Amino acid sequence: TNFFYQFDDYIQSKQSNVAPSTLDVFKNLKLILQSFQTFRKKQVTFDDIDHNFYEEFVHYLTFEHVHKNKREIIKGFKRNTVGKNIKQLIVFLRNRKQKKVISELDLTGFKIIEEEADAIYLTSEEIKNILLLDLSSLPHLIKHRDLFVFGCLTGLRFSDFSIISSEDVRDEMIFKKQGKTKHWVVIPLRDQASQIFHKSFNKNIPKVGNPEFNFYIKEVGKLAGIVQPVKHSYLKANRNCIEIKPKYQWITSHTCRRSFCTNE
């Protein structure tokens with residue numbers, strides 16, 4: 001009945017029926033819970049799970065958790081990220097109850113916090129400017145630039161377009177079973193996307209992690225002159241926070257999918 005032993009068992013049980021990206025979500029939640037345990041100086045147990053635990057954990061997620069792999073120290077998650085972690089915790093706890101690992105489970109008041117998120121898209125002209133960038137003096141950015149444009153022209157999620165293989169492409173069409181939904185999609189491989197896939201990547205898309213991609217694609221956006229100020233607002237706890245940054249600083253892997261949908 002050790003909490004983290006059961007969490008490992010839960011992750012192991014999901015290995016064969018969820019996408020690797022979903023497994024990463026579970027593993028990340030485990031790391032966050034372990035950090036929470038260290039922060040509060042009290043062991044996390046199933047007997048500990050009640051409304052007080054929920055309030056304490058939400059406060060930790062909102063204000064205290066230190067982001068890993070960041071080049072600057074950032075504390076606390078945005079509202080939707082807090083909600084996603086609470087949602088996955090609830091799913092895990094209910095699974096352990098179904099498995100009869102725990103008998104009592106009082107999740108009264110466990111709310112999945114969420115809000116509509118601000119996000120940007122890039123215009124066709126901005127995507128063209130990125131594609132035409134001369135990156136010969138910055139070769140480490142080329143694969144990120146090409147992968148970004150490829151994503152903008154296919155509309156797939158990063159977890160799908162970053163692993164397209166030669167077997168997925170037939171007669172200039174992409175046939176892909178999406179990792180998140182398990183649904184098949186068939187996508188025309190446009191001229192620019194085809195050129196990137198066949199010539200730039202030689203039918204072998206380089207392995208790039210999402211955090212690495214999100215870091216370097218901002219540098220690409222800056223070089224492409226995508227610098228107009230953009231204001232985003234979000235809730236942290238019940239406070240409305242406003243951030244104004246150059247547009248390139250808001251670019252992430254999901255900007256590809258959003259740009260495809262908006263431009264189409």
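Glu126 is buried, at 10% relative accessibility; buried means under 20% relative accessible area, exposed over 50% and partly exposed in between, with a 1.4 Å probe and protein chains only. The model is predicted, so local features need pLDDT of at least 70 and side-chain atom pairs count only at pLDDT 80 or more, while totals for chains, interfaces and linings use all residues. Residues are numbered from 1 along each chain as its sequence is written, and side-chain values use heavy atoms, with hydrogens and water left out.

**Salt bridges**

Glu126 and Lys247 meet through their side chains in a salt bridge, at 3.0 Å from N to O. Glu126 belongs to helix 5, whereas Lys247 sits in the loop between strand 5 (239-246) and helix 10 (254-263), so the pair ties together parts 121 residues apart in sequence. Helices (H or I, at least four residues) and strands (E, at least two) are DSSP runs, numbered from the N terminus. Lys247 is also buried, with a relative accessible area of 9%.

A salt bridge here is a side-chain nitrogen of Lys or Arg within 4 Å of a carboxyl oxygen of Asp or Glu. By this rule there are eleven salt bridges. Three of them are listed below.

| Pair | Closest N and O atoms |
|---|---|
| Glu56 and Arg40 | 3.3 Å |
| Lys245 and Glu243 | 3.5 Å |

The salt bridge between Glu56 and Arg40 links distant parts of the chain: Glu56 is in helix 3 (residues 51-64) and Arg40 in helix 2 (residues 20-40), 16 residues apart. Glu56 is partly exposed at 34% relative accessibility, whereas Arg40 is buried, with a relative accessible area of 13%. A network of salt bridges links Arg40, Lys42, Asp48 and Glu56. In the pair of Lys245 and Glu243, Lys245 is partly exposed with a relative accessible area of 25%, and Glu243 is partly exposed with 22%.

**Helix 6 and helix 9**

The axes of helix 6 (residues 142-154) and helix 9 (residues 210-223) come within 9 Å and cross at roughly 95 degrees. That makes helix 6 roughly perpendicular to helix 9. Axes are lines fitted to C-alpha atoms, for helices over the stretch in contact, and angles run from 0 to 180 degrees between N-to-C directions. Angles under 35 degrees count as roughly parallel, over 145 as roughly antiparallel, 65 to 115 as roughly perpendicular and the rest as oblique.

Helix 6 contributes Lys143, His144, Arg145, Leu147 and Phe148 to the contact, and helix 9 contributes Glu212, Phe213, Tyr216, Ile217 and Val220. Contact means heavy atoms within 4.5 Å. His144, in helix 6, is buried with a relative accessible area of 1%. Leaving aside residues up to four places away in sequence, His144 touches Val208, Glu212, Phe213, Tyr216 and Ile217.

**Helix 8**

Helix 8 (residues 191-200) has Ala193, Ser194, Ile196 and Phe197 buried. Seen down the axis of helix 8, these buried residues fall within an arc of 160 degrees, so they line one face of the helix. The arc is that of the directions from the helix axis to the C-beta atoms. Cover for the buried residues of helix 8 includes helix 5 (124-131), helix 6 and strand 1 (169-170). The face of helix 8 turned away from the buried side carries the exposed residues Asp191 and Lys199. Asn202 follows helix 8 and has a positive phi, near 50 degrees.
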